[in-house]
Amino acid sequence: MGQPINEAVVIPPRRSLTRNQRVRMFDAHKGVCILCGTKIQVGEAWIDEHIDPLEISGNNAWENRGPAHVKCAKVKTRRDLNVIAKVKRVRAKHLGIRRLSRFPCARTSPYRKKLTGEVVRR
């Protein structure tokens, strides 16, 4: 499935493909964009896209990559940013890392307010 949630997550660097690897990837997917399912036309810009983002799956395997139109990839990346942020928030919450409150006199603040309204140091 994946790494246990309490292990350190190490995101591997994105590996760029050689010219021959890009040709093999294009041929393996029959020149079809993995995101929208339409044919990539001759001369049209395309990139190799991770199906599951590296920040979530941490997987550079061939099964997790495929050709995609540049426009399709930009839309997917924008959508993935929200998912990646949520995964990081959930993991931090699981590990007991709390976000500090920005409110004055909150529980995590060095100050507290008495019932009289006086602000004192904790």
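Residues are numbered from 1 along each chain as its sequence is written, and side-chain values use heavy atoms, with hydrogens and water left out. Because the model is predicted, local features need pLDDT of at least 70 and side-chain atom pairs count only at pLDDT 80 or more, while totals for chains, interfaces and linings use all residues.

Helices (H or I, at least four residues) and strands (E, at least two) are DSSP runs, numbered from the N terminus. Helix H1 spans residues 19-28 and strand S1 residues 46-50. Strand S2 comprises residues 65-69, and helix H3 comprises residues 70-94. Helix H1 is hardly covered, with one buried residue among its ten; buried denotes under 20% relative accessible area, exposed over 50%, and partly exposed the range in between (1.4 Å probe, protein chains only). Just after H1, Lys 30 adopts a positive phi of about 55 degrees.

Three salt bridges were found in a search of the whole structure, a salt bridge being a side-chain nitrogen of Lys or Arg within 4 Å of a carboxyl oxygen of Asp or Glu. One of them joins the side chains of Asp 48 and Arg 65, with an N to O distance of 2.5 Å. This pair links distant parts of the chain, since Asp 48 belongs to strand S1 and Arg 65 to strand S2, 17 residues apart. Asp 48 counts as buried because its relative accessible area is 8%, and Arg 65 counts as buried because its relative accessible area is 4%.

A salt bridge is also formed by the side chains of Glu 49 and Lys 76 (3.4 Å, N to O). Glu 49 lies in strand S1 and Lys 76 in helix H3, so this pair ties together parts that are 27 residues apart in sequence. Glu 49 is buried at a relative accessible area of 7%, and Lys 76 is buried at 5%. An α-helix has 3.6 residues a turn, so residues three or four places apart point the same way. Both Asp 80 and Lys 76 are buried.

Contact here means heavy atoms within 4.5 Å. Leaving aside neighbours within four places in sequence, Asp 48 is in contact with Arg 14, Leu 17, Arg 22, Met 25, Arg 65 and Gly 66. The C-alpha atoms of Asp 48 and Ala 68, 20 residues apart along the chain, are separated by 6.1 Å. His 50 is likewise placed in strand S1 and is buried, with 3% relative accessibility. With the same exclusion of sequence neighbours within four places, His 50 contacts Arg 14, Asn 59, Asn 60, Asn 64, Arg 65 and Lys 76. The side chains of His 50 and Asn 60 make a polar contact of 2.8 Å, where a polar contact is a pair of N or O atoms within 3.5 Å; within protein, one must be able to donate a hydrogen and the other to accept it, and residues adjacent in sequence count only if both atoms are side-chain atoms.

The largest nonpolar core consists of five residues, namely Cys 33, Ile 40, Trp 46, Ala 68 and Cys 72. Such a core is a set of buried Ala, Val, Leu, Ile, Met, Phe, Trp, Tyr and Cys residues joined through side-chain atoms within 4.5 Å. Beyond its neighbours within four places in sequence, Cys 72 is in contact with Cys 33, Leu 35 and Cys 36. Leu 35 lies in the loop between helix H1 and strand S1 and is partly exposed, at a relative accessible area of 32%. Under the same exclusion, Leu 35 is in contact with Glu 49, Ala 68, Cys 72, Ala 73 and Lys 76. By contrast, the C-alpha atoms of Leu 35 and Asn 20, 15 residues apart along the chain, are separated by 22 Å.

On the surface, Ile 56, Val 83 and Val 87 form a nonpolar patch with about 210 Å² of accessible area together. Patches are made of residues with over 30% relative accessible area and no salt bridge, with like charges joined within 9 Å and nonpolar side chains (Val, Leu, Ile, Met, Phe, Trp, Tyr) within 5 Å; accessible areas come from the Shrake-Rupley method with a 1.4 Å probe, and for residues only the protein chains shown count as cover. Val 83 is located in helix H3 and counts as partly exposed at 42% relative accessibility.
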